[in-house]
Amino acid sequence: MNTDGRGPKTAERLNCLVTGASGYIGGRLVPELLEAGHTVRCLARSPGKLRDHPWAQEVEPVAGDVTDAASVAASMRGIDVAYYLVHALGTGSGFEDTDRRAARIFAEQAHAAGVRRIVYLGGLTPSGVPEQELSAHLRSRAEVGRIFLEGPVPATVLRAAVVVGSGSASFEMLRYLTERLPVMVTPSWVSTRTQPIGVRDVLHYLVGSATMPADVDRAFDIGGPDVLTYEEMMRRYAEVAGLRRRLIVPVPVLTPRLSSHWVGLVTPVPASIARPLTESLRHEVVCDEHDIARYVPDAPGRPLPFEEALDLALRRVREAEVTTRWSSAAVPGAPSDPLPTDPEWAGGSLYQDERQLTVDTSRESLWKVIEGIGGDNGWYSFPLAWAVRGWLDRLVGGVGLRRGRRDAERLRVGDSLDFWRVEEIEPGHLLRLRAEMRLPGLAWLEMYAETCDGKLTLYRQRAVFHPRGLLGHVYWWCVSPFHSVIFGGMARNITQAAAKGMCAHANKARTGPWASRSRP
């Protein structure tokens with residue numbers, strides 16, 4: 001048996017379907033299932049987003065959507081165990097209806113395809129609290145679990161509270177609140193008890209659920225050994241991280257909505273994600289049982305104590321070994337279709353800002369700077385302008401600049417990059433970023449490294465904006481006068497950095513005149 005918490009190789013090789021493979025849990029579950037000896041098929045709206053994962057060549061990606069019965073049916077063919085790791089939170093006021101419809105389609109198609117088990121990761125709900133009093137987030141998670149348990153296919157519903165692991169939304173929120181605020185005026189929910197669990201233990205239970213006996217059809221509470229208030233978690237984080245003791249002053253007047261905006265300003269977690277997290281902390285959520293261990297035995301010392309899960313998460317962040325992040329899942333409402341090379345926008349305008357410069361360096365040197373852009377490495381132009389744009393985005397509920405980078409040197413399709421997302425990458429040639437900040441339209445930024453006239457290399461840069469309505473046109477007209485400073489300066493400084501052989505991840509880029517600090 002592996003000692004790191006991974007599931008052991010199983011005697012039975014199962015065909016597993018994983019939905020949500022581009023998300024935080026799904027992206028980590030796939031390699032664990034492969035390690036356990038199973039085959040994996042991934043259902044994704046945009047399978048191309050999976051191609052840069054280390055395990056991409058070992059799985060079968062299929063295009064589809066959980067709300068589309070035909071694509072779900074096709075993805076279920078030959079499947080033994082189907083993992084449901086998606087939800088419609090943040091897609092609008094009707095997300096509960098969407099979740100309900102998708103779960104019913106999934107259950108029906110699993111039955112039709114002869115799937116042996118559905119495994120679902122939901123949220124831990126408080127005991128004795130009527131469902132109508134729960135947050136919409138928890139209420140919808142509970143309903144999805146109930147749909148699967150009432151369906152004809154045996155289901156394992158795992159219910160977890162706060163998941164602690166490098167890159168998770170819960171961890172990022174805890175980490176930044178504690179690190180950035182030595183004195184905190186906090187909402188009353190910091191005094192509510194919860195039972196956090198390390199992500200490695202969540203994955204252990206998910207993998208083990210695949211081989212449960214056929215007569216097991218129920219929900220399981222999963223949690224770590226510690227029951228803590230959020231205030232206690234922040235204090236313990238400060239101890240593990242070597243910080244001074246934090247002064248925490250609860251203020252009952254801060255509603256979940258107000259506190260989610262407060263969290264959104266201080267942490268990298270946008271308000272749209274912070275709100276369901278904070279609302280779920282209103283009620284005490286503690287495990288009523290640990291029956292999961294009868295079917296998925298715990299290794300010695302597992303589940304991990306809270307401090308150990310924190311220490312592991314901090315170590316992985318410090319060593320830049322974050323496999324997936326909460327921001328790996330696309331922000332709801334962001335455009336999902338790729339930008340064509342020569343787009344034809346029917347019924348609309350397309351604004352562009354194009355720059356190109358030649359540089360006396362190799363294409364490889366230029367590409368190294370391009371791929372290293374963003375995060376702590378900066379954006380190579382007018383740092384104040386980037387910082388202000390990031391703060392404005394966060395004030396209106398956007399993601400802002402603070403998501404940073406998953407890795408300081410390497411990018412892959414689907415990675416978040418401050419308020420951009422990597423939509424396309426052709427190593428050594430093209431990096432295309434799609435904007436996920438709040439905008440009255442759709443925006444992309446492209447950077448190319450091309451061979452030009454023998455020793456010279458051509459750097460091409462293109463910003464593209466497709467306005468939505470009159471406000472979109474007004475927005476472009478207002479910001480276009482600043483493009484010569486922002487985009488012109490970026491092109492000049494990127495080529496200068498490449499010419500000097502300066503890697504974008506080096507200390508000079510972080511402290512020099514081009515660095516755009518996303519973390520004050």
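Visitor: Which residues form one aromatic cluster?

Guide: In this predicted model, the cluster consists of Y84, F106, Y120 and F148. The structure holds 13 aromatic pairs.

Visitor: Why is the pair of Y84 and Y120 called tilted?

Guide: The ring centres of Y84 and Y120 are 5.9 Å apart, and rings count as a pair if their centres lie within 6.5 Å. Their planes stand at 55°; stacked requires under 30 degrees and edge-to-face over 60, so the pair is tilted.

Visitor: What parts does the pair of Y84 and Y120 tie together?

Guide: Y84 belongs to strand β4 (residues 81-84) and Y120 to strand β5 (residues 117-123), so the pair ties together parts that are 36 residues apart in sequence. Both Y84 and Y120 are buried.

Visitor: What makes the pair of W386 and F419 stacked?

Guide: The centres of W386 and F419 lie 6.1 Å apart, with 25° between the planes. Because planes under 30 degrees apart count as stacked, the pair of W386 and F419 is given that term. W386 lies in helix α13 (residues 383-395), whereas F419 is in the loop between β15 (416-417) and β16 (420-426), so parts 33 residues apart in sequence are tied together. W386 and F419 are both buried.

Visitor: How do you know that S140 is buried?

Guide: Its relative accessible area is 1%, and buried means under 20%; therefore S140 is buried. S140 is found in helix α4 (residues 136-150). Not counting residues up to four places away in sequence, S140 touches F95, E96 and D99.

Visitor: How do you know that β18 and β19 pair?

Guide: Strand β18 (residues 441-451) and β19 share 11 bridges in the antiparallel sense. Pairing requires at least two bridges, so β18 and β19 pair. E450 has L458 as its bridge partner in β19. The two strands form a hairpin with five residues between them, and D453 in the turn has a positive phi of about 50°.

Visitor: Which other strand pairs with β19, and in what sense?

Guide: Strand β14 (residues 351-359) pairs with β19 in the antiparallel sense over nine bridges. There, E354 stands opposite R462 in β19. Strand β19 (residues 457-467) is mostly covered, with 10 of its 11 residues buried.

Visitor: Over which ring does the charged end of R460 sit?

Guide: The charged end of R460 sits over the ring of Y448, 4.1 Å from its centre. That distance meets the cut-off, which is within 6 Å of the ring centre.

Key: Residues numbered from 1 in each chain as written. Predicted model: local features only at pLDDT ≥ 70, side-chain atom pairs only at ≥ 80, totals over all residues. Heavy atoms only, no water. Buried < 20%, exposed > 50% of the residue type's maximum accessible area, 1.4 Å probe, protein only. Helix = DSSP H or I, 4+ residues; strand = E, 2+ residues; numbered from the N terminus. Phe/Tyr/Trp six-rings, centres within 6.5 Å; stacked < 30°, edge-to-face > 60°. Lys NZ or Arg CZ within 6 Å of the ring centre and 35° of its normal. Contact = heavy atoms within 4.5 Å.
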